[in-house]
Amino acid sequence: IFGASMASSSICNMLCYTLGTGMLTQLVGTVSQAAVSYGSPMHLSSLMAPSTWYLFDIFVWRLTITPLFHVMSEKLRMPRAFPFLTALVIMYLCRHWTAPSVACFEILRSIPLVAAQPNFYGTPHFGNYFALGLFIGREGAEQLFLDTRTQFLAPLVILSCTMYFSDIVTAVYHSPIDIQEGAITFRSFGLDLRFLGVVTVNMLAVLACIAQIATILSRQLPRLSDFIAGCGSRTLYTYVLHLHLKNFYSFG
């Protein structure tokens with residue numbers, strides 16, 4: 001699981017993958033916009049591709065949620081459920097505690113790299129799933145996805161979520177982050193847990209189906225499986241840079 005280690009080498013790699021890639025995309029955006037709008041003013045928000053919002057999110061989670069798991073699980077010898085629940089509560093407070101959240105957002109938005117992230121307010125929402133990955137772990141994920149019971153129930157779970165929770169399933173990027181005064185209530189916490197539960201169950205079911213298909217492909221068509229895996233290992237570059245190319249041609 002990316003971000004589970006507290007080793008110095010892992011943290012250095014994370015800085016290169018997140019802040020380094022973010023600065024690279026900012027440089028590419030600056031050069032591409034300067035090439036098509038010579039002499040016109042450039043705004044920072046237009047230099048960063050919206051597809052890089054998750055880089056800053058991973059940077060924040062890696063320096064907050066991972067140390068939380070490390071201290072509570074490794075140092076204090078607590079079950080991994082404790083840091084997971086603690087992370088859920090912290091993310092909930094970050095979304096709904098008005099004054100500190102707004103003040104924190106305003107401070108972080110003064111940083112150029114952060115100010116250009118259009119989905120910055122989603123950081124405390126998607127942090128739940130980063131914490132979930134640390135909670136399950138690599139071995140737990142493999143056991144879950146390769147279990148025959150999980151593979152049998154996964155399609156039924158996806159169908160049930162689509163039928164009875166379509167408002168949540170179809171809202172892929174929805175996040176209950178409306179920061180309002182006095183928003184910390186049992187009802188809002190229950191709604192957040194409902195959203196997290198439905199999305200998590202549906203997400204795990206989809207991943208279980210993908211794992212089952214990948215297992216079949218690796219057995220029946222190993223060359224095709226290796227080819228798809230190779231393509232998947234290189235999609236990050238396309239994902240990060242494709243909007244710069246799109247904006248370049250559309251602007252031109």
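Visitor: Where is arginine 77 placed?
Guide: Arginine 77 sits in the loop between α2 and α3. Helices here are DSSP runs of H or I with at least four residues, strands are runs of E with at least two, and both are numbered from the N terminus. This is a predicted model, in which local features need pLDDT of at least 70, side-chain atom pairs count only at pLDDT 80 or more, and totals for chains, interfaces and linings use all residues. Residues are numbered from 1 along each chain as its sequence is written, and side-chain values use heavy atoms, with hydrogens and water left out.

Visitor: Why is arginine 77 called exposed?
Guide: Its relative accessible area is 67%. Exposed means over 50%, buried means under 20%, and partly exposed is in between (1.4 Å probe, protein chains only). The value of 67% is over the exposed cut-off, so arginine 77 is exposed.

Visitor: What is the phi of arginine 77 near?
Guide: Phi is near 60° there, a positive value in a residue other than glycine. Most residues other than glycine have a negative phi.

Visitor: How many helices and strands does the protein have?
Guide: There are 11 helices and 0 strands. Along the sequence the pattern reads α-α-α-α-α-α-α-α-α-α-α. Of the 252 residues, 34% count as buried.

Visitor: What makes the span of α3 close to the expected one?
Guide: The expected span of a helix is 1.5 Å times one less than its number of residues. Helix α3 has 16 residues, and 22 Å is expected. From first C-alpha to last, α3 reaches 23 Å. Its buried residues include Phe84, Ala87, Leu88 and Arg95.

Visitor: Why is asparagine 128 called buried?
Guide: Asparagine 128 lies in helix α6. Its relative accessible area is 4%, which is under the buried cut-off, so the residue is buried.

Visitor: Which residues does asparagine 128 touch?
Guide: Contact means heavy atoms within 4.5 Å. Leaving out residues up to four places away in sequence, asparagine 128 touches Phe84, Ala87, Leu88, Met91, Arg95 and Leu196.

Visitor: What makes a set of residues a nonpolar core?
Guide: The members must be buried Ala, Val, Leu, Ile, Met, Phe, Trp, Tyr or Cys, joined through side-chain atoms within 4.5 Å. The largest such core here holds 23 residues, and Tyr54, Trp61, Ile65, Phe69, Phe84 and Ala131 touch the most other members. Helices α2 (53–75), α3 (81–96), α6 (123–146) and α9 (186–220) each supply at least two of its residues. The most come from α2, with 9 residues. Apart from this core lies another, of 7 residues, among them Ala141, Ala205, Cys209 and Ala211.

Visitor: How many cavities of 30 Å³ or more does the structure hold?
Guide: It holds 2. On a 1 Å grid over the protein atoms alone, a cavity is a set of points where a 1.4 Å probe fits but cannot get out, and lining residues have an atom within 4 Å of a point. Points are joined across faces, edges and corners, and a volume is the space filled by probe spheres set on the points. The largest cavity has a volume of about 80 Å³. Of its 10 lining residues, the closest to the centre are Arg95, Asn128, Asp192, Leu193 and Leu196. Helix α9 gives the most to the lining, with 5 residues.

Visitor: Why is glutamine 151 called buried?
Guide: Glutamine 151 lies in helix α7 (residues 148–164). Its relative accessible area of 17% is under the buried cut-off, so glutamine 151 counts as buried. Glutamine 151 and cysteine 209 are 58 residues apart in sequence and 6.4 Å apart in space, C-alpha to C-alpha. Glutamine 151 also touches Phe145, Leu146 and Gln212, not counting residues up to four places away in sequence.

Note on methods:
1 Å grid on protein atoms, 1.4 Å probe; cavity = no way out; pocket = protein on both sides within 12 Å on 5 of 7 lines; lining within 4 Å.
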